Every structure is written in structure tokens, then in C-alpha cells.
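Here are some notes to read alongside the model, in numbered points.

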Amino acid sequence: SAIDLVKEQEWPDPDTADELHAALWVMGAVPCVEGGKTKDWSGEFAQLVAAGRATMMDGKLWVATERVPMLQAAFPAASFDPAVTPPERERAKAWAREDAIRELVRGRLEVIGPTTAADIAAALGLDQGDIDFALAALEHEGFALRGRFTSGVEGIEWSERRLLARIHRYTLDRLRKEIEPVNASDFLRFLFKWQRLAPGARAEGPEGLAAVLDLLDGFELAAGAWESEVLPARFMDYDPLWLDGLCLSGEVAWGRLTAIRSQEPGARSRKAGPVRSTPIALFRRDRGEVWRAGTPDVHPAELPLSSTGRALLKAFDQRGALFFGDLVNATGLLRTEVEKGLGELVAWGLVSSDSFAGLRALLVPSDRRRPLGGGYRRHGRIAPFGVETAGRWSRTHGRPPIPDEQIAEGIAWQLLRRYGVVFRRLVQRETLLAPWRDILRVYRRLEARGEIRGGRFVGGFSGEQYALPEAIGLLRTTRREQGAGELVAGSGADPLNLVGILTPGETVPAITSNRVLYRDGVPVIVREGDGERFLVEVPNEERDVLRAALMRRRPAPLVRAYMGKSRAS
């Protein structure tokens, strides 16, 4: 419809002989059969012929008198009836045949809209090879663009750049008008489905975990929340072995990405190892360089590391990735000292391990882990892993030399994968962001290429909004579905803790122990520390039901055993 509109706008619609003469001059030549395409031009053309201002070539083309020398160069054997005498300045110009054909094609592209080389050749009565040569020259100038623009048309089409830009603008405007924005609660219901947090949308199996991690790629959250809250909430039965398998296969990596950037200048003290609140990200290895490129490159010598930490870094620099036993031998340190040093380097974002078991071992209390070196056997439930079972430990790479444009594009695409629909207010909790202006430039370019959609998808929020095409369908479906009182609970550390961001009121701190309960996308109750507060009016008889829904779901027995938790814990 946009193409048809532009074709209608650009095709000449002369009301007088002078207007028809101007059209003939611009187009170079008009096939006689097109003289009545929109309305009959024969009367105006007869007036031009009578005044010596136009003629007909070979009984097929209408030509302005000034354009006769150009047509004679393009058609050496052509005849003109009636014979006319072009102005002297036009006769004095020497036309090469290639130049004349190029200008004829240029004039036609200026008024016809997207068309094929075969159609141009048929309209002008020229060989298609001549038209192809002229189109290539116009493309080299930047005047014409080739592509597939019109539905149902076989082969490559050509269009004048200005007209194609207008067609594209009309198309985007029409697509944007098709979108009816949803309210914040419907958008949250959409996000629960998109990120597999809704009860009916939860993932299953290792393949499901890979899909979930693709959504959460690069999002830093509390280390202890990954397997206690965030991942189990997106599965019916989460198995930690799936994550270890993805890490050991080289598909997924883990580590702290913003440690150096977030450290206060001059700070000299920190804990010896990671705590459960240390921000850790899971990400595909092939995207790791983009995430690390967004942080300043600070040399470890500038950090307040312990002597153990520096000894481990020296071993890594000299020998590369090492197993735990090799680290002990390379440094000559006690095994417990090496474990503490690894914890310190993990907290700084300087090292990682092949398996997520490496981080898990540093987070689980030592009395619930397998003893280092396989010593005495502890009583009670013991996690079937330790720091020794993490595979190889290695230095994380420094900031790679990636252009800022590539960083912005990588982050822009990941935000779309994470949320489906992206606008500035939504990404307040993201720690790894390029400047928003750079991300917007990426989104505008992607929309211009037709890869994403722009528009007003969520009402009540200012600024530009962009969405993946597949997200728009799910958003519409969610809006049409009436809320059925669905309850969704999540941790404060979850990426979808958007209270105070998408909803009114104060934000809920991103702490693992905090909990939020939504009913049909509306937050109804929040637990912070030992206290809880209702955000909406709730009848007394419903409060106990909502409190029960707010509680953490009990981990599956396999998860509890793997984490080394006792039956009473």
C-alpha cells in the first residue's frame, strides 16, 4: 500500500499543456499508452505539438522538443513526427548513447516507483542489457537502489533512493499505527511469559536452560540467587547438572563483569572471597568479549590484592589455565590458602572456572562441601562437589579492542532478547549498558532495515520504544487474554523485579531474600527483611492466601542434595 501511494503521488497529473511539457522534460520520454494512465493527456499533448514544443518518436513515445537530441543518441534510427527543431543549446550538446540511455532511465525512475529492468526496457523499447548497464551506473552514483520491494514481483526491482525512503517512511508509519499500546500490568504479564516465569510458560530440560540463559545473558545478579531463586523459578524441576554441562561444553561462561568499574577509587579493603550478594553474570562465551569491552581495563597491579591473590595471578600468567591441584603445586601454598585466593580473584572479576561448580563451591559453606584433598568423611548431607571439581581455573580476558558501535549493537540486541520490547525506563537495572543514545542509533538502523519494529507498545512511558516482531504477537495475545488472578512470585534479585520502575511506588532492593508477589501483573505484596507490606487493598480473608503464594517454592530434592542442604534447612 505504501508503494502504491508513492506511485500515485509521483506519477504526473498535468492540468495544462505547460505542466505536461514539464513532465515530458523530466521523464525524457513517455510511452503513448501511458498518456491516459490516470487521465487523458491527448488534448494537452496536441497543444504542445501545435506549438512545436513536443513530438512523437516512432509513433510510440511522446518527447519534449528539448529532449530530441538525447533521444536521437539513444535511438540512432528513430524518426520524429512532426519534425521539430530543438533549441540551439540542446543541439550543441554531444550525447553518448550510454549517457542518453542513463538519463532516460533516470527520468523514468523519478516518477514510476519500484520497477524492474525488464519493465523499463519494455516501456522505452530498449534492450534489457542497455537498461542493466544504465541502472548499474545510477546505482554507482547512489541515485538508484536495488532490492525486493513489491510483494509478488519476481526478480530484482529498482527504485530511486528518494522514493524508496518515502515508501519506507510510510510503511513504518502504517506499522506503528497498527500497534495498540498495552498498560504496565499487561506488559508485566507479557514479560513473565517471555522470560518463562509464568507458571504455564516454564522451561524444561537442558535445552530449556540454554534458552533461558540466552534471555538472561550478561545480566549481573547476586551470585547466590542464580540457583536458589532465578533459575528454579523458570523451571518445574531445575537440575544444577544442566548448568555445569553447558559450562563444561564451552557454551556458557560465568564471572563478575563490573567489579573493577564499580570499585570506588582508592578503596583498599574488601572481603577475601565472593559472598552470596556478589554480582555474577552468566553469558555465552561468544558474547563475553562484548560484555567485557564495556568495562574499563584496569591492571591488577592497581588493585589491593593479597599476596596469595598475586601469587595465583602470576601462576596463571606463566602457565595459563590450571586445575586446582596444579595451582597448589605452582604456588606452593596450602590448599585452603589457594581456595581463599581464588575466592578473592573471583570477587574482583579476574578469574573464572570451566564449571559453575567453581562458584558454587565458594558459596556453599565449607562444612557442607567435600573436604579438600578427600580427607575425613563429614557426617550429614554433603554437596557432591568442591573447589577441586570445578575443572580448570583461568584468568578472565581484559578489555578486548572492540569498536564502540559493535558494543552498542551487541547490547542492543541482548536487551531485545531479554525483554522483547525495550525502552529506556525498562533497563534501569541493567549494569552493562552503552550510552542510551548509541543504543537508540542501533535500534533506528535496525528498524530502517525492517529487522525490528518501532512504535508505542507500552502506554505511560515516554521515549522511543522498539520490539522484536515475534514479541508483538505475544504482546497482543496477552492483552486479549483477560486476567484470571494468576499469581507470580519472584525474588528481589530477579531481573523482573520491576516494582517502582514499571509500577508506581518505591523500588524493591535487588536483594535475594526480598520477595514480590504479582497478581495479573500488578504487585500486591512485598517482603523486605522480616517485614511485609501490601501494595494494594486486599480483603483480610485473602491475605493468608497471598502470603502463602509469596513464600519461596521448596527446591526439588535433587537440587537440595546437590547444594548440600540438610533436610531441615
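1. Let me begin with arginine 196, which counts as partly exposed at 27% relative accessibility; here buried means under 20% relative accessible area, exposed over 50%, and partly exposed in between, with a 1.4 Å probe and protein chains only. Arginine 196 is not a glycine, yet its phi is positive, at about 65°. You will find arginine 196 in the loop between helix 10 (184–194) and helix 11 (205–216). Helices (H or I, at least four residues) and strands (E, at least two) are DSSP runs, numbered from the N terminus.

2. Before going further, a word on the basis of these notes. This is a predicted model, in which local features need pLDDT of at least 70 and side-chain atom pairs count only at pLDDT 80 or more, while totals for chains, interfaces and linings use all residues. Residues are numbered from 1 along each chain as its sequence is written, and side-chain values use heavy atoms, with hydrogens and water left out.

3. The loop between helix 10 and helix 11 also holds glycine 200. Glycine 200 is exposed, with a relative accessible area of 79%. Its C-alpha atom is separated by 9.9 Å from that of methionine 236, 36 residues apart along the chain.

4. For the overall picture, the protein has 24 helices and 18 strands. Of its 569 residues, 50% count as buried. Taking contacts (heavy atoms within 4.5 Å) between residues at least 6 apart in sequence, 68% join residues at least 24 apart.

5. Strand 2 (residues 54–57) runs antiparallel to strand 4, and 2 bridges join them. Methionine 56 has aspartate 81 in strand 4 as its bridge partner.

6. Proline 82 sits in the loop between strand 4 and helix 5 (88–91).

7. Another backbone feature belongs to aspartate 58, a residue other than glycine with a positive phi near 50°. Aspartate 58 lies in the loop between strand 2 and strand 3 (61–64). With a relative accessible area of 38%, aspartate 58 is partly exposed.

8. A second open sheet has 3 strands in the order 7-9-8, again with antiparallel pairing. Strand 7 (221–222) and strand 8 stand at the edges with a single partner strand each, so one side of each has no neighbour in the sheet. Strand 7 pairs with strand 9 (residues 279–284) over 2 bridges in the antiparallel sense. Leucine 221 stands opposite isoleucine 280 in strand 9.

9. Now for helix 13 (residues 240–248), whose buried residues include Trp242, Leu243 and Leu246. Its N-terminal end is capped by aspartate 239, with a side-chain oxygen 2.9 Å from the backbone nitrogen of leucine 241. Just after helix 13, glycine 250 takes a positive phi of about 85°.

10. Which residues lie nearest the centre of the largest pocket? They are Ala253, Arg285, Arg395, Thr396 and His397, from a lining of 18 residues. On a 1 Å grid over the protein atoms alone, a pocket is an open set of points where a 1.4 Å probe fits, with protein on both sides within 12 Å along at least five of seven lines, and lining residues have an atom within 4 Å of a point. About 410 Å³ of space lies in this pocket, a volume being the space filled by probe spheres set on the points.

11. Strand 8 (252–255), helix 15 (285–293), strand 10 (351–353) and strand 11 (393–395) each supply at least two residues of that lining. Helix 15 gives the largest share, 4 residues. By class, the lining has 5 nonpolar, 7 polar and 6 charged residues; Ala, Val, Leu, Ile, Met, Phe, Trp, Tyr, Cys and Pro count as nonpolar, Asp, Glu, Lys and Arg as charged, and the others, Gly among them, as polar.

12. Finally, is asparagine 497 buried or exposed? Asparagine 497 is buried, at 3% relative accessibility, in the loop between strand 15 (487–491) and strand 16 (515–519). A polar atom of its side chain lies 2.8 Å from the backbone oxygen of glycine 492. Beyond its neighbours within four places in sequence, asparagine 497 has contacts that include Arg429, Val508 and Tyr518.

How values were computed:
Two strands pair if DSSP finds at least two bridges between them. A polar contact is a pair of N or O atoms within 3.5 Å; within protein, one must be able to donate a hydrogen and the other to accept it, and residues adjacent in sequence count only if both atoms are side-chain atoms.
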